[in-house]
Amino acid sequence: IVERHLPSKMATAAEEEANRPFAGLSDVSISEDIPVEGDISVPVGPSARRDDEFSTLDEPVKETVLRDLRAVGKKFVHVLYPKRSTALLRDWDLWGPLLLCVTLALLLQGGAADSDYQGGPQFAEVFVIVWFGSIIITINSKLLGGTISFFQSLCVLGYCILPLTVAMAVCRIVLVAGSGSVSFAVRLVVVTASFGWSTFASTAFLADSQPANRKALVVYPVFLFYFVIGWMVLTFSPSQ
Amino acid sequence: MASTNDPFQFQEFEEAGNLLEANRNATTISIEDDDIIPEKQRQAAGFSPDDEDALASDDKTELLSGLKKSVPFWTFEYYQRLFDVETHHVKERIIGSVLPWPGKNFIHVYLRKTPDLYGPFWICTTLVFAIAISGNISNFLVHLGKPNYKYTPEFQKVTIAATAIFSYAWLVPLALWGFLLWRNNKIINLVSYSFMEIVCVYGYSLAIYIPAVVLWILPYEWLRWCTIVVALCLSGSVLVMTFWPAVREDHPKVIIAIMSAIVVLNVLLAVGCKTYFFSKPQALPADKSAAIEVTKAPSTT
């Protein structure tokens with residue numbers, strides 16, 4: 001007799017279960033009849049200590065700034081001694097390019113732009129040329145099928161402006177001494193050397209990411225980019 | 001039945017597959033690309049300046065180009081296709097634009113249905129900076145040795161040069177393409193060019209001006225005019241020979257109008273650049289101030 005009752009009870013229970021979710025929805029409240037049981041536990045132990053190591057929220061500000069500066073400085077060294085390493089590509093950052101761009105734009109000020117004549121590039125023009133030039137070259141290399149990522153390429157192109165920024169500083173020092181043809185010859189040599197260095201350094205990083213039959217197509221825009229920046233550095237003439 | 005509305009019962013997801021069918025144009029990597037690459041290699045390998053071969057492989061490319069799926073222009077893949085060139089392709093196209101050969105249509109011989117944007121864009125950019133830099137150097141050389149002259153880099157001229165060159169390289173092909181499209185509705189032409197092909201021809205036709213502009217650094221008027229005439233002849237003939245098949249079945253007045261418009265715009269660009277960026281050896285602000293001093297001195301005495 002019990003067995004005959006069970007199916008009907010199960011049927012009613014099933015109907016109740018079928019109806020219960022609808023009842024819960026119509027109430028728009030969590031029904032206390034549905035038991036929720038479980039065990040939520042956070043493993044305490046060495047993993048918590050690892051979290052503390054990676055959490056940089058509590059460290060002093062000096063530590064944060066110095067860490068980024070050390071990363072930027074390490075990349076500067078990689079640019080100055082370019083060998084085929086992936087350090088620039090692996091941990092890319094855009095602090096270095098920004099620093100170099102601002103320094104270069106500031107050093108290019110104080111030219112004959114203050115007078116009525118058409119002078120050198122304005123601060124904003126240097127920024128536009130450097131950043132839009134880098135972006136266009138990156139898009140070009142990606143369209144040609146490069147395997148390098150967008151920001152890695154921006155990072156490399158920005159960091160390789162370092163030789164030209166150094167040349168700009170040297171040029172300003174030479175111009176303090178005098179602005180005759182001797183100083184022009186010295187400046188020409190310095191700028192040409194640093195332009196060649198920049199192009200060589202950036203192709204050492206970028207050329208590997210392109211197939212062999214398109215390397216020249218990628219290198220030429222980089223050459224043009226550093227040539228234009230070198231031209232801006234060379235033609236800087238101070239106001240007297 | 002209650003079972004169909006039961007959310008805990010497993011449902012067949014047939015509609016999702018149909019939804020994916022509707023979105024086939026979304027950017028995805030498809031295996032079809034492997035079929036296109038050997039076709040391109042076949043095109044590159046089959047390249048020869050011989051006209052008969054050109055016609056034969058033109059037939060092949062006509063048949064094979066139907067296999068390429070058309071990609072909408074807002075996807076990255078569309079532009080990647082426009083940069084699908086190799087170094088030797090670009091070199092051959094530049095040489096073909098600089099040395100026009102009668103009978104060799106640039107689009108048919110060199111482009112062969114694969115126009116690229118790499119050449120036009122970087123040739124225009126190089127030309128912009130070449131004009132600005134050469135103009136600056138030539139001004140410096142002209143005024144060298146004069147005491148009143150103060151060298152300025154004249155960097156603002158780069159923007160002006162960029163506007164002029166890029167509007168020539170993009171707006172004129174747009175106008176020409178629109179005009180040819182309009183004429184195609186009236187007169188059935190066997191030859192029709194796509195917008196990208198016209199932009200490509202115009203971009204590569206500017207390549208001859210880069211060495212010409214560098215030669216303009218030397219401040220000799222006769223040299224400048226010689227180089228302008230040579231450059232105009234070469235680039236003008238490339239353009240005229242390219243567009244001749246597209247308009248030759250048209251009304252003679254229309255043919256003359258289009259051809260002269262192409263040539264005149266080319267001349268305007270060249271002469272305008274020369275006049276604006278490269279000053280003549282006589283016109284100087286320093287000379288003018290010296291002249292004013294000279295005229296003032298007798299008036300005071």
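Predicted model: local features only at pLDDT ≥ 70, side-chain atom pairs only at ≥ 80, totals over all residues.

A: Residues are numbered from 1 along each chain as its sequence is written, chains are lettered from A and ligands numbered from 1 in the order written, and side-chain values use heavy atoms, with hydrogens and water left out.

Now the pair. Helices here are DSSP runs (H or I, at least four residues; strands are E, at least two), numbered from the N terminus. H5(A), residues 95–107, packs on H8(A), residues 162–177, at about 25°, with the axes 10 Å apart. That makes H5(A) roughly parallel to H8(A), a label for angles under 35 degrees. The axes are lines fitted to C-alpha atoms over the stretch in contact, and angles run from 0 to 180 degrees between N-to-C directions. The crossing is left-handed, meaning that the near helix is turned anticlockwise from the far one by less than a right angle.

Who touches whom? From H5(A) come Leu100(A), Thr103(A), Leu104(A), Leu106(A) and Leu107(A); they meet Leu162(A), Leu164(A), Thr165(A), Met168(A), Ala169(A) and Arg172(A) of H8(A), with contact meaning heavy atoms within 4.5 Å. By class, that's 8 nonpolar, 2 polar and 1 charged residues (Ala, Val, Leu, Ile, Met, Phe, Trp, Tyr, Cys and Pro are nonpolar; Asp, Glu, Lys and Arg charged; the others, Gly among them, polar).

An unreviewed UniProt entry annotates transmembrane regions in chain A, including residues 92–111 and 156–178; such annotations may be inferred rather than shown by experiment. Another of them, 184–206, is 100% helix and 0% strand, its end C-alpha atoms 32 Å apart. In chain B, the unreviewed entry's transmembrane regions include 158–182 and 222–247. Residues 158–182 of chain B are 100% helix and 0% strand, with end C-alpha atoms 36 Å apart.

Chain B has a mean pLDDT (the predictor's per-residue confidence, from 0 to 100) of 75, and 71% of its residues reach 70 or more. Residues 32–54 of chain B fall below 50.

Note on methods: Parallel < 35°, antiparallel > 145°, perpendicular 65-115°, else oblique.
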